[in-house]
Amino acid sequence: IVIIIFENKEFDSVIGNAEAPVINQLAEENTLLTEFYALTHPSLPNYVALIGGDTYGYTETCKNCPVTATNLADLIERSGRTWKSYQENMPYHCSMWDPTDQYVAKHNPFLYYDSILNDKKRCREHVIDLEDLHEDAANSALPNFLFITPNMCNIGHDCTLADADTWLGNFLPPLETWLQAESDNYLIIVTWDEGQTNKSCCGLPEPAGGRIATILISPRAKSGFKDATPYTTYSLLRTISEAWGLPLL
């Protein structure tokens with residue numbers, strides 16, 4: 001299971017936008033979730049909740065303040081599976097800081113859990129730079145779960161949607177080739193952390209984090225399918241948990 005996450009775009013600003021031909025082709029050819037909602041603003045709580053099932057009161061200003069709580073990485077390891085967080089332009093493994101600001105910790109939720117951040121050996125082995133993905137693929141050593149965060153430009157935060165689209169167009173084909181070489185049983189999730197409105201859904205509080213595009217790419221997902229079922233960020237976490245028989249966070 002692979003999650004590739006982008007930044008701060010409402011559904012209608014992405015789907016149907018000519019500046020994002022790659023994303024829109026993926027949305028047409030695969031499964032597009034058309035009623036998917038982020039939890040809140042700003043970014044950090046959405047990232048934290050995606051792997052922990054709760055926002056834990058986090059805000060954008062929090063650094064070096066991990067919560068003591070079970071998270072998806074813990075459950076993945078306990079099940080005998082493997083995981084890695086691949087962060088583009090991370091200056092060194094398990095880094096909370098980057099002097100160039102191309103990598104930011106708030107887009108790397110694993111550093112907000114005590115069981116990872118304060119276990120330095122575990123953190124350095126699992127929270128690594130995106131460049132290491134090439135070596136893992138070459139060694140047929142891809143983990144079962146990959147969390148991929150582009151840098152501040154390619155994620156669409158500091159640069160345009162067109163820049164993010166170009167990055168995805170270059171990144172996705174080799175990734176799919178690597179995955180297919182290891183298994184025909186994979187899922188790639190392309191999603192956003194939050195939208196640009198306060199739209200809410202599905203029991204989320206008002207205001208929430210906006211309506212966002214989420215695309216499922218998999219031999220086991222429907223082709224050319226638009227799913228209008230109401231979902232939230234928590235739905236992705238539950239999907240992963242149920243697929244692998246993990247406890248529900």
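Let's start at Pro 42, which sits in the loop between strand S2 (31–37) and H3. Keep in mind that this is a predicted model. The peptide bond leading from His 41 into Pro 42 is cis, with omega near 0°. Pro 207 belongs to the loop between S6 and strand S7 (211–217). Most peptide bonds are trans, and most residues other than glycine have a negative phi.

Tyr 56 is a residue other than glycine with a positive phi, near 55°. You'll find Tyr 56 in the loop between H3 and helix H4 (72–78). Its relative accessibility is 32%, so Tyr 56 counts as partly exposed. Asn 89 also has a positive phi without being a glycine, with a value near 65°. Asn 89 is placed in the loop between S3 and H5, and because its relative accessible area is 37%, Asn 89 is partly exposed.

Stay in that loop for a moment and turn to the disulfides. The structure has four of them. One joins Cys 94 to Cys 123, with the sulfur atoms 2.0 Å apart. This pair ties together distant parts of the chain: Cys 94 is in the loop between strand S3 (83–87) and helix H5 (114–117), while Cys 123 is in helix H6 (residues 120–126), 29 residues apart. The torsion about the S-S bond is about 95°, so the disulfide of Cys 94 and Cys 123 is right-handed. Are these two cysteines buried or exposed? Cys 94 has 9% relative accessibility and therefore counts as buried; Cys 123, at 0%, is buried too.

Next along is the link between Cys 153 and Cys 159, with an S to S distance of 2.1 Å. The link of Cys 153 and Cys 159 is left-handed, with -115° about the S-S bond. Cys 159 counts as partly exposed because its relative accessibility is 25%.

Then there is the disulfide of Cys 201 and Cys 202, whose sulfur atoms are 2.1 Å apart. Its S-S torsion is about 65°, so the disulfide of Cys 201 and Cys 202 is right-handed. Cys 201 is buried, at 15% relative accessible area, whereas Cys 202 is partly exposed, at 42%. Number the bonded cysteines in sequence order and the pairing of the chain reads 1-2, 3-4, 5-6, 7-8.

How many cavities of 30 Å³ or more turn up in a search of the whole structure? The search finds two. By class, the lining of the largest cavity has five nonpolar, three polar and one charged residue.

The second largest cavity has a volume of about 40 Å³. Its lining includes Gln 87, Glu 88, Tyr 103, His 107, Pro 150 and Met 152. In the second largest cavity the lining divides into four nonpolar, five polar and one charged.

Definitions and conventions
Residues are numbered from 1 along each chain as its sequence is written. This is a predicted model: local features need pLDDT of at least 70, side-chain atom pairs count only at pLDDT 80 or more; totals for chains, interfaces and linings use all residues. Side-chain values use heavy atoms; hydrogens and water are left out. A disulfide is a pair of cysteine sulfur atoms within 2.5 Å. Helices (H or I, at least four residues) and strands (E, at least two) are DSSP runs, numbered from the N terminus. Buried means under 20% relative accessible area, exposed over 50%, partly exposed in between (1.4 Å probe, protein chains only). On a 1 Å grid over the protein atoms alone, a cavity is a set of points where a 1.4 Å probe fits but cannot get out, and a pocket is an open set with protein on both sides within 12 Å along at least five of seven lines; lining residues have an atom within 4 Å of a point. Grid points are joined across faces, edges and corners, and a volume is the space filled by probe spheres set on the points. Ala, Val, Leu, Ile, Met, Phe, Trp, Tyr, Cys and Pro count as nonpolar, Asp, Glu, Lys and Arg as charged, and the others, Gly among them, as polar.
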